[in-house]
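Hi,

Here is the model we talked about passing on.

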Amino acid sequence: MSQSIRLTLKIWRQKGPADPGRFETFAAEDISTDMSFLEMLDVVNEKLILEGREPVAFDHDCREGICGSCGAVVNGRPHGHLRGTTLCQLHMRHFRDGDTIVIEPFRARAFPVIKDLVVDRSALDRLMQAGGFVSVNTGSAPEANTLPVPSDRAERAMDAAACIGCGACVAACPNASAMLFTSAKVSHLALLPQGRPEAARRVLSMVRAMDACGFGNCSNHRECEMTCPKEISIVHIARLNREALKAGFLSPER
Amino acid sequence: MRLDAKIPGGPLPQKWDRHRFELKLVNPANKRKFDILVVGTGLAGASASASLGELGYNVKTFCIHDSPRRAHSIAAQGGINAAKNYPNDGDSIWRLFYDTVKGGDFRAREANVYRLAQISNAIIDHCVAQGVPFAREYGGLLANRSFGGAQLSRTFYARGQTGQQLLLGAYGALMRQVAAGRVRLFPRREILDIVVVHGKARGVVARNLLNGEIECHEGHAVVLATGGYGNAYYLSTNAKASNVTAAFRAYKRGAAFANPCFTQIHPTCIPVHGTYQSKLTLMSESLRNDGRVWVPKRAGDKRPPHQIPEAERDYFLERKYPSFGNLVPRDVASRNVKEQCDQGKGVGETGLAVYLDFADAIRRDGRAVIERKYGNLFQMYEKITGDDPYETPMMIYPAVHYTMGGLWVDYNLMSTLEGLFVLGEANFSDHGANRLGASALMQGLADGYFIIPYTLGGYLAGTSLEPVSASDPAFAATAREAEERIRRLLEVNGRRTVDELHRELGMVLWNHCGMSRTNEGLAKARARVQELREEFWHNVRVPGAGRDLNQSLEKAGRVADFMEFAELMILDALARQESCGGHFNEAYQTEENEARRDDERYCHVAAWEFAGLEREPVRHEEPLVFEHVPLTQRSYK
């Protein structure tokens with residue numbers, strides 16, 4: 001059964017990249033516990049608009065946990081405190097009447113703030129451009145079943161491929177490392193026979209791109225794994241490290 | 001306006017081969033001399049951009065999000081059809097073609113649908129080669145499941161995230177072309193208009209969503225892959241940014257809009273639970289492989305589901321349609337769900353829901369099997385509703401999901417505006433009046449990977465295109481109009497928010513131009529939409545500035561277009577005095593309450609031509625000829 005709760009929100013406001021930014025406090029009244037977190041922000045924004053103030057900018061789109069657009073740090077945790085959940089899937093039934101909620105953008109050197117809760121995550125696209133694909137042109141594929149893939153291997157590849165590219169792993173990491181994101185793609189393709197021909201080149205190139213984009217290194221804090229809305233395991237980081245080591249010693253691409 | 005579908009001659013199975021041979025070619029060294037503008041990066045846009053880049057064209061690709069990977073194709077859950085016949089259960093290209101034409105209630109072009117079925121197998125090959133992690137059998141070969149409107153298993157899937165995996169495949173291919181310098185990517189851009197020079201589409205006007213700057217981009221052809229217009233209803237399963245603006249602007253510049261009243265209401269969505277609700281969430285049709293749909297037999301039975309004994313439950317789809325059971329097509333399932341709820345048998349707090357029950361499947365196959373097949377969907381359901389579907393049946397209700405209508409295109413996917421190609425959900429071509437499940441992914445990728453690379457080349461090689469530059473007066477004029485519109489939106493400074501007005505528009509459409517339509521209701525809705533539009537332009541409040549990241553302004557522009565477009569949907573519904581597929585006019589139904597077509601008068605595509613402000617658009621007809629699938633009353637009994 002839904003209930004109505006009252007909340008105090010401390011939200012990060014920042015007019016643009018050059019503005020230093022600050023927290024502003026808002027009262028959110030009459031919030032139904034059936035609302036999603038973003039619907040709660042919608043309610044706050046509607047009120048701001050009618051009061052003649054600027055609403056809080058935040059990225060969002062599918063609102064069902066798959067597009068990876070949304071995300072903010074809620075009470076210190078990217079996407080909030082619930083495991084395996086994007087911000088749009090976090091419902092207000094997980095908060096209590098009278099709670100104070102602190103909402104800030106994802107913070108990382110590679111993710112500059114654009115406005116309020118909106119950050120620039122284009123670095124993740126640059127990582128993918130460095131090798132997050134199999135080089136196959138349209139029209140040149142062999143018949144699909146000529147290449148059997150053991151089902152457990154396909155399942156493990158799918159576990160990694162489930163990454164939605166939200167960037168929460170980077171925001172959660174004390175080093176602002178993109179290792180979980182990068183390893184998910186490296187691992188997905190390294191596990192499949194289709195990805196093997198380019199595996200060495202891919203891992204070396206993507207790791208170089210991580211450094212170039214300003215992401216930090218992994219020092220095994222495991223915050224990324226805890227925060228990942230798709231619960232992607234750091235096993236994939238181990239696989240990336242193995243792939244990188246192998247490529248670094250043995251591959252002509254090194 | 002002449003509607004020439006340009007369907008090639010010859011026997012159906014050879015039309016596409018023959019056409020590909022007849023299309024002129026652009027020699028490889030000349031391809032780099034052509035600039036192609038692709039709008040949208042969903043399955044259709046990303047696959048088109050990547051494939052055109054691979055061929056050597058200069059591609060500029062625009063996307064509304066921060067990254068192409070966020071396009072709404074990402075949310076497609078259940079699967080993608082292909083006629084591989086791996087399960088050996090009797091499938092063929094012909095049967096996929098037949099099922100799709102029949103599923104669409106005979107309002108799609110035979111030649112287009114046949115081509116789609118032919119291409120379907122190459123899509124699976126290509127996606128597997130890209131590393132899309134499709135589900136596999138223990139022997140390592142690809143697995144299939146069933147979807148609505150088919151009596152066999154031809155749907156390939158990657159858990160409940162098939163759209164995501166296919167889009168990431170296409171996105172990877174696109175990123176590869178960006179790295180190779182063949183595609184230039186323009187993220188966070190919204191296309192506000194199409195620029196027409198000497199009767200041909202030669203550019204776009206875009207707004208940079210980060211700083212509000214208006215940009216002009218010129219090219220030799222424009223490819224729109226901007227998705228559907230389901231968000232006209234406000235509440236739909238579409239993502240929040242999905243909109244009709246680019247397609248509607250193209251319509252105003254001369255591209256005919258086909259069958260705008262053909263909208264798909266998907267039967268299995270999580271029911272509405274509050275007035276603040278911002279969107280609806282689909283529960284994949286694949287769930288109907290194992291889930292059984294039921295309501296209590298007695299109207300007003302408020303007992304919790306586990307207290308209702310088997311004998312007092314009505315599995316109404318299985319009862320009414322014994323051969324297809326729970327897997328009847330979406331339009332049929334949705335209407336039946338509505339019918340049960342209208343009779344007072346609906347369940348849940350609002351009475352606007354039916355059960356989708358997995359108890360039998362869990363007993364039969366065990367929880368682990370069900371979890372492997374649908375785990376992420378069950379989890380999504382649990383997060384939203386707080387109920388655990390392993391323990392208690394899901395509650396579902398129909399919601400707006402897809403739009404079969406779209407910009408009219410010929411066999412080459414070119415609209416009536418020369419040089420403007422339209423792909424994926426944004427065009428109207430393949431699904432008739434009702435799309436079958438797992439066919440949208442197939443169509444988007446067929447258009448992008450395997451059709452546009454040929455037909456666009458044919459256009460470029462066969463057309464004389466004088467050089468244009470963004471300094472051409474047509475660009476400045478179009479950009480000025482876009483700026484002027486933004487100025488007007490910001491100036492109103494009224495008392496109602498964009499969302500408030502959009503919600504109201506959505507209710508009007510849902511009540512009168514939704515699952516069930518009447519002539520009186522449509523007429524009333526039309527008047528109401530006109531009033532709302534009037535109110536919008538006098539009473540909307542859009543805070544902030546034009547030259548800034550301004551999400552309220554973005555929404556306002558889209559809703560302003562929905563306010564106009566909604567009337568076109570209603571006009572089209574009023575003009576089509578029959579029922580077919582998703583368009584159900586209560587005056588035209590069989591004794592068993594199924595849609596009754598009128599093939600004498602309406603066996604055609606309706607394509608609307610913009611005739612200027614304050615004037616009724618002109619309705620054109622493209623007759624549909626069925627030579628291979630005989631016109632019959634659809635039956636899924």
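This is a predicted model: local features need pLDDT of at least 70, side-chain atom pairs count only at pLDDT 80 or more; totals for chains, interfaces and linings use all residues.

Residues are numbered from 1 along each chain as its sequence is written, while chains are lettered from A and ligands numbered from 1 in the order in which they are written.

On confidence, the model scores ipTM 0.98 and pTM 0.98. Chain B has an average pLDDT of 96, and 100% of its residues score at least 70 (pLDDT is the predictor's confidence in each residue, from 0 to 100).

Now the overall build of chain B. It contains 17 helices and 20 strands; these are DSSP runs numbered from the N terminus, with helices being H or I of at least four residues and strands E of at least two. The C-alpha trace spans about 75 × 60 × 50 Å along its principal axes. Of the 637 residues in chain B, 60% are buried. Buried means that 20 or more other C-beta atoms lie within 10 Å of the residue's own, exposed means 12 or fewer, and partly exposed is in between, with C-beta atoms placed from the backbone. Among contacts between residues at least 6 apart in sequence, 74% join residues at least 24 apart (a contact means C-beta atoms, placed from the backbone, within 7 Å).

Helix 6 of chain B is worth a click. It runs over residues 162-179, and its 18 residues reach 26 Å from first C-alpha to last, close to the 26 Å expected (that is, 1.5 Å times one less than the number of residues). Because 17 of those 18 residues are buried, helix 6 is largely enclosed by the rest of the structure. Just after this helix, Gly181(B) takes a positive phi of about 80°.

Two residues other than glycine also have positive phi. Ala438(B) has a phi near 70° and lies in the loop between strand 18 (420-422) and helix 12 (440-462) of chain B. Ala438(B) counts as buried, with 28 C-beta neighbours inside 10 Å. In chain A, Glu231(A) has a phi of about 50°, and its place is the loop between helix 7 (223-227) and helix 8 (235-250). Glu231(A) is partly exposed, with 13 other C-beta atoms within 10 Å.

Cheers

Notes
Two residues are in contact if their C-beta atoms, placed from the backbone, lie within 7 Å.
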